[in-house]
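User: Hello! I am new to this structure and would like a close look at a single part of it.

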Amino acid sequence: MTRKRVHIVLSAIASAVVLISCGSTGKAVSTADLNGEWTITGAMGSSISGSNGVRPSINFDTANSRVSGHSGCNRFMGGFTFNEDGKNSISFSPVAATKMMCPDIETEQKIFQALESAKKIQKNSSTSIVLRSENGKSVLELSRD
């Protein structure tokens, strides 16, 4: 083989490895995995810890395609669509929320922004799920205790 041909073959192999590794991050998510309550640990690149003893959470009712939760201040509810087709796609309808005054409204805004931009879901482990934007950026990190 010529040197140029070896370079082309090696470049093709390296590209294939990168594409395969990017596509295999996380495991397929089932409705059984998703169903139930999750603690929100991160939103839009920021770590979420909660305040006043209240941890933000989200509850998925997969039987009725409903979502509800607590943003750390206000309660919220809405609908979602999850395609258990191996593509791990998810989307949320606009959420409705109570309107209490909150000292930390920024956290709530990040959570609602994350739900709006979530398009994909990735299972990292049995206790960790990440919602991602269309371009793959982590927008909402969830965990189970």
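How many of the 8 residues of β1 are buried, and is β1 largely enclosed by the rest of the structure or largely open? Please tell me what surrounds this strand as well.

Analyst: Happy to walk you through it. Please keep in mind that this is a predicted model.

To answer you directly, 6 of the 8 residues of β1 are buried, so the strand is largely enclosed by the rest of the structure. A residue counts as buried when its relative accessible area is under 20%. For comparison, 32% of the 145 residues of the protein chain count as buried.

Now for the partners of β1. One is β2, residues 46-47, which pairs with β1 in the antiparallel sense over 2 bridges. Here A43 stands opposite S46 of β2. These two strands form a hairpin with 2 residues between them, and M44 takes a positive phi near 55° there. Another partner is β3, joined to β1 by 4 bridges and again antiparallel; in this pairing E37 stands opposite N59. Strand β10 also runs antiparallel to β1, with 4 bridges between them, and T39 has S143 of β10 as its bridge partner.

Leaving aside residues up to four places away in sequence, F60 touches L34, N35, G36, W38, R66, V67, F80, I90, F92 and L142. At 1% relative accessibility, F60 counts as buried.

From F60 you can move on to the aromatic rings. There are 4 aromatic pairs in the model. In one of them, the ring centres of F60 and F80 are 5.3 Å apart and the planes stand at 85°, so this pair is edge-to-face. F60 sits in strand β3 and F80 in strand β5, so the pair ties together parts that are 20 residues apart in sequence. F80 is buried too, with a relative accessible area of 6%. F80 also pairs with F92: their ring centres are 6.2 Å apart and their planes at 40°, so this second pair is tilted. It links strand β5, which holds F80, to strand β6, which holds F92, across 12 residues of sequence. Both F80 and F92 are buried, and F60, F80 and F92 together form one aromatic cluster.

Helix α3 deserves a brief stop as well. Q113 is found in this helix, and at 44% relative accessibility Q113 counts as partly exposed. The C-alpha atoms of Q113 and V139 are separated by 8.4 Å, although the two residues are 26 apart along the chain.

The model has 1 disulfide, formed by C73 and C102 with their sulfur atoms 1.8 Å apart. The angle about the S-S bond is -85°, and the link is left-handed. C73 lies in the loop between β4 (66-70) and β5 (75-83), while C102 lies in the loop between β7 (96-97) and α3 (105-117), so the pair ties together parts that are 29 residues apart in sequence. Both ends are covered: C73 counts as buried at 13% relative accessibility, and C102 is buried with a relative accessible area of 14%.

Finally, here is a view of the whole chain. Among contacts between residues at least 6 apart in sequence, 45% join residues at least 24 apart. The accessible surface comes to about 8700 Å², with 54% of it belonging to carbon and sulfur atoms.

Note on methods:
Residues numbered from 1 in each chain as written. Predicted model: local features only at pLDDT ≥ 70, side-chain atom pairs only at ≥ 80, totals over all residues. Heavy atoms only, no water. Disulfide = S-S within 2.5 Å. Buried < 20%, exposed > 50% of the residue type's maximum accessible area, 1.4 Å probe, protein only. Contact = heavy atoms within 4.5 Å. Phe/Tyr/Trp six-rings, centres within 6.5 Å; stacked < 30°, edge-to-face > 60°. Areas by Shrake-Rupley, 256 points an atom, 1.4 Å probe, with all protein chains shown as cover. Pairing = 2+ DSSP bridges.
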